[in-house]
Amino acid sequence: MIRAFGPGRVNLIGEHTDYNGGLALPFAIDRGVTVEAEPLAGGEIRAEARDLGERDAFPAAAPGRAGGWRAFVRGTVAELRATGVPLEGARLALSGDVPLGSGLSSSAALEAALCLALLAVAGAAEPDRTELAKLCSRVENDWVGAETGLLDQLASLCCEAGSALRIDFATLALETVPLDLGGWRLATLDSGAEHEHAAGGYNARRAECREICDRLGIAHVSRADPDAADGLPEPLARRVRHVLSENARVDAMVTALRAGDLPQAGRLLDASHASLRDDYEASVPEVEAAVRACKEAGAAGARMVGGGFGGSVLALFPPATALLGGACPVLPGPAAALV
Ligand code: GLA
């Protein structure tokens, strides 16, 4: 039996920068999706989503379209075969412990675990992890219909245990940054408002960013000249302000972590949240309430994580501060792997 684990991720800082050629600093978490796989004669893929009690079956050579979790399985099979992986029949069982729609990227966890499991079933060598992340991203964009960037997939596939990963999306340069919290704790709190990337505000923000690039004649929002951006009509000028200031906060966070300055890390989380709320307008009342609850419980900083418009909040708690009820400690875990 082949077994592959793909972790979810928390983005420490650098939100809505990946599709803008900017910087981000995610880490893989110790929760994720496990895919069990074994070869099956006859060229059919039979998949079971154990947590949902649902099944799917389709020919590996012609997956066809479907919705929900089935789109991930069908898309991964199709995209792997399109790169020449000799994948025939397989039996798959999916299970996980990342809450769906919580902003911790259960989707990247699923994509990464599926890829590694299916490559192993096919007896194919693992391609370069950045290429694999791009393949997972095609599954998400072209099969699931969510126009997400590469952040989640690179985090799930390329992070190292105990570390965050600085990603420069203009060049895809990766740098491991030790995440030594020395008694401080990071925890997530679900806002209770479920997000869904294929719908809602996320795709609207991406359309605004394309408009900014068209108006300024640049390839990515991160390339915007701040003065030229100030001349854009609102809300576009605000959107650029968020992206440029968030990129600067990523490097400020790297500096703070390397110096062990966790109070400063907390202030940067707060500043990131304010920018996401006011300039990027990606928050919702439930997320605001969750951020307030964390701060009132003594967090040094708290912010929305992931695409926003719902999902989870990330908070940094000083030593000896009790976590508030419902908060879930997150530890930087290893990248996706066969287990
Ligand atoms: C979601 C997307 C990522 C990224 C974040 C926002 O998690 O999947 O690609 O755009 O939102 O930073």
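Helices α1 and α2 are oblique to each other, a class that holds the angles left over once those under 35 degrees (roughly parallel), over 145 (roughly antiparallel) and 65 to 115 (roughly perpendicular) are taken out. The structure is a predicted model, in which local features need pLDDT of at least 70, side-chain atom pairs count only at pLDDT 80 or more, and totals for chains, interfaces and linings use all residues. Residues are numbered from 1 along each chain as its sequence is written, and side-chain values use heavy atoms, with hydrogens and water left out.

The axes of α1 (residues 69-82) and α2 (residues 106-122) come within 10 Å and cross at roughly 45°. Such axes are lines fitted to C-alpha atoms, for helices over the stretch in contact, with angles running from 0 to 180 degrees between N-to-C directions. The crossing of α1 and α2 is right-handed, meaning that the near helix is turned clockwise from the far one by less than a right angle. On the α1 side, the contact (heavy atoms within 4.5 Å) is made by Phe72, Val73, Thr76, Val77 and Leu80, and on the α2 side by residues including Leu110, Leu114, Leu118 and Leu119. By class, these contact residues comprise 9 nonpolar, 2 polar and 1 charged; Ala, Val, Leu, Ile, Met, Phe, Trp, Tyr, Cys and Pro count as nonpolar, Asp, Glu, Lys and Arg as charged, and the others, Gly among them, as polar.

Helix α2 also packs with α3 (residues 129-144), at an angle of about 120° and with the axes 10 Å apart. This crossing of α2 and α3 is right-handed. Here Ser107, Glu111, Ala112, Cys115, Leu116 and Leu119 of α2 meet Arg129, Leu132, Leu135, Cys136 and Glu140 of α3. The contact of α2 with α3 has 7 nonpolar, 1 polar and 3 charged residues.

Turning to the whole protein, there are 9 helices and 13 strands, taken as DSSP runs numbered from the N terminus (helices H or I, at least four residues; strands E, at least two). Of its 339 residues, 57% count as buried, that is, under 20% relative accessible area, with exposed being over 50% and partly exposed in between (1.4 Å probe, protein chains only). The C-alpha atoms fill a box of roughly 60 × 50 × 35 Å along the principal axes.

Leu244 lies in helix α7 (residues 236-258) and, at 22% relative accessibility, counts as partly exposed. Beyond its neighbours within four places in sequence, Leu244 is in contact with Val221, Ser222, Ala224 and Pro226.
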